[in-house]
Amino acid sequence: ALAELRLPTPDSPVPTLRMLATMSAGLPNDDPWADRQESLTDDEFDAVLRPGVRFAWVPGTEFEYSNLGYALLGRALQVAGGRRFHDLVDDEIIAPLGLTATSFTADVSALGGVAIGHQRVDDEWAPLPFSGSGAFSPIGGLFSTVADLVTWVQWFVDAHHGDAQRSRRGAPSSPLSTASRREMQQAHRLIPPPPDSGTTRQTATGYGFGLVVEHDAEHGTIVSHSGGYPGFSAHMRWHPASGLGIVALENATYAGVAKPTSEAMRGLLDAVAPTPAWGPWPETLAAQATVTELLSTWDDAAATNVLGDDTVFSDNVGLDEPLVRRRAHIGAAVARAGRLGAIDEARSEGPNDREWRIHGELADLRCELTMNPLEPPQIQTLEVRLDGAAAAATTD
């Protein structure tokens with residue numbers, strides 16, 4: 001039992017199920033050792049644990065990938081579910097999702113048969129025997145196909161669209177709610193970059209529930225999972241906003257399939273430039289239209305009325321910068337831009353913000369606004385400046 005573990009410090013908390021699920025229970029990485037433990041019986045697993053385990057960190061303080069942690073999590077699910085872990089997965093996940101070519105055993109039904117895993121020995125590829133399922137199966141060991149894993153990935157993607165896509169495809173009802181699947185795809189624990197990563201692309205990476213979650217500066221959230229086993233490895237990654245994803249399997253130990261899969265996904269997103277699943281609020285677009293009309297037909301009296309309208313602007317706007325001063329700054333920018341015309345480069349980084357450019361005869365105007373969190377939302381910040389020049393009117 002976790003309560004009987006010898007903890008690293010007197011004040012250490014007992015690892016929770018959430019800590020185990022997010023790889024933050026304080027256990028050290030154990031990939032080579034754990035990969036060979038899958039077929040242990042429950043009694044044998046108990047015997048392995050009986051002398052105790054060594055912690056690398058105080059539970060709940062650091063991320064480190066631990067297969068042992070997931071084996072313990074699987075045992076907890078088995079006890080709570082009152083049946084073997086493998087049966088829980090078969091009955092509650094595999095069957096409801098219609099994953100007919102996915103199983104813990106090698107007799108799984110697959111059109112092309114079951115691939116044999118290999119490892120490089122000198123200059124030749126040596127076949128490896130399959131491991132049997134057992135107490136460490138919660139770390140992996142499932143046989144599957146690209147087609148089934150595409151269904152698996154789509155199940156996670158659908159959670160970001162309210163399962164609407166799933167319903168249109170006539171797919172079976174989901175064994176897990178959209179809210180729970182979205183929670184699995186959130187970064188619950190920061191993953192520090194390796195010291196020699198040498199990456200120049202801006203990303204932040206965290207660990208969800210069994211999934212790696214990256215925030216790419218250009219494309220937003222990308223979710224992934226890698227699997228490595230003696231003779232095999234796999235990598236799947238998807239972009240929830242667009243629904244694009246890639247699944248790759250190979251049958252060679254540590255072949256590094258994640259790298260080409262990641263590069264292919266990046267190239268796909270760079271080429272397609274998918275639009276986000278969300279859009280700006282209607283009020284955000286209405287606020288953009290109001291500001292654009294004000295600028296295009298600028299009049300000091302009208303500007304005073306609009307800028308002072310508490311149904312359009314929230315009360316902080318006049319406090320952050322006096323309306324007289326704001327009106328003067330915006331009016332000066334409009335005068336320098338000349339007659340205003342077409343709008344382009346309109347974009348939003350979130351539903352409550354908008355940035356756009358208005359072309360002028362003499363210069364362009366760059367406009368930005370954000371909405372406050374009230375119902376209905378109001379403009380809380382507005383910036384209008386000559387494009388490429390210092391801001392002519394600002395508020396924070």
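Colleague: Which residue in strand 10 is the bridge partner of Leu340?
Modeller: The partner is Gly360. Before going on, this is a predicted model, where local features need pLDDT of at least 70, side-chain atom pairs count only at pLDDT 80 or more, and totals for chains, interfaces and linings use all residues. Residues are numbered from 1 along each chain as its sequence is written, and side-chain values use heavy atoms, with hydrogens and water left out.

Colleague: How do strand 9 and strand 10 run, and how many bridges join them?
Modeller: Strand 9 (residues 340-347) is antiparallel to strand 10, with 4 bridges joining them. Two strands count as paired if DSSP finds at least two bridges between them.

Colleague: Why is strand 10 described as largely enclosed?
Modeller: Because 6 of its 8 residues (353-360) are buried, the rest of the structure largely encloses it. Buried is under 20% relative accessible area, exposed is over 50%, and partly exposed is in between, using a 1.4 Å probe and protein chains only.

Colleague: What does Arg357 form a salt bridge with?
Modeller: With Asp364, the closest N and O atoms being 3.8 Å apart. The criterion is a side-chain nitrogen of Lys or Arg within 4 Å of a carboxyl oxygen of Asp or Glu. Arg357 is buried at 15% relative accessible area, and Asp364 is also in the buried class, at 18%.

Colleague: Which residues are in the salt-bridge network with Arg357?
Modeller: The network links Asp344, Glu345, Arg347, Glu349, Glu355, Arg357, Asp364, Arg366 and Asp387.

Colleague: How many salt bridges are there by that rule?
Modeller: The count is 19. One of them joins the side chains of Arg18 and Glu183, at 3.2 Å from N to O. Arg18 is in helix 1 (residues 17-21) and Glu183 in helix 8 (residues 178-184), so this pair ties together parts 165 residues apart in sequence.

Colleague: Changing topic. How far does helix 13 reach?
Modeller: Helix 13 (residues 323-337) has 15 residues and reaches 21 Å from first C-alpha to last, close to the 21 Å expected at 1.5 Å a residue. The expected span is 1.5 Å times one less than the number of residues.

Colleague: Which residues of helix 13 are buried?
Modeller: They are Arg326, Ile330, Gly331, Ala333, Val334 and Ala337. Seen down the axis of helix 13, they fall within an arc of 160 degrees, so they line one face. The arc is taken over the directions from the helix axis to the C-beta atoms.

Colleague: What is on the face turned away from that side?
Modeller: The exposed residues Val324, Ala335 and Arg336.

Colleague: On to packing. Which residues touch the most other members of the largest nonpolar core?
Modeller: Phe45, Leu68, Phe136 and Trp238, in a core of 43 residues. A nonpolar core is a set of buried Ala, Val, Leu, Ile, Met, Phe, Trp, Tyr and Cys residues joined through side-chain atoms within 4.5 Å. A second, separate core of 24 residues includes Leu295, Met371, Val384 and Leu386.

Colleague: Last one. In what order do the strands of the open sheet come?
Modeller: The order is 3-4-5-6-7-8, six strands with antiparallel pairing. Strand 3 (189-190) and strand 8 (244-250) are the edges, each pairing on one side only.

Conventions
Helix = DSSP H or I, 4+ residues; strand = E, 2+ residues; numbered from the N terminus.
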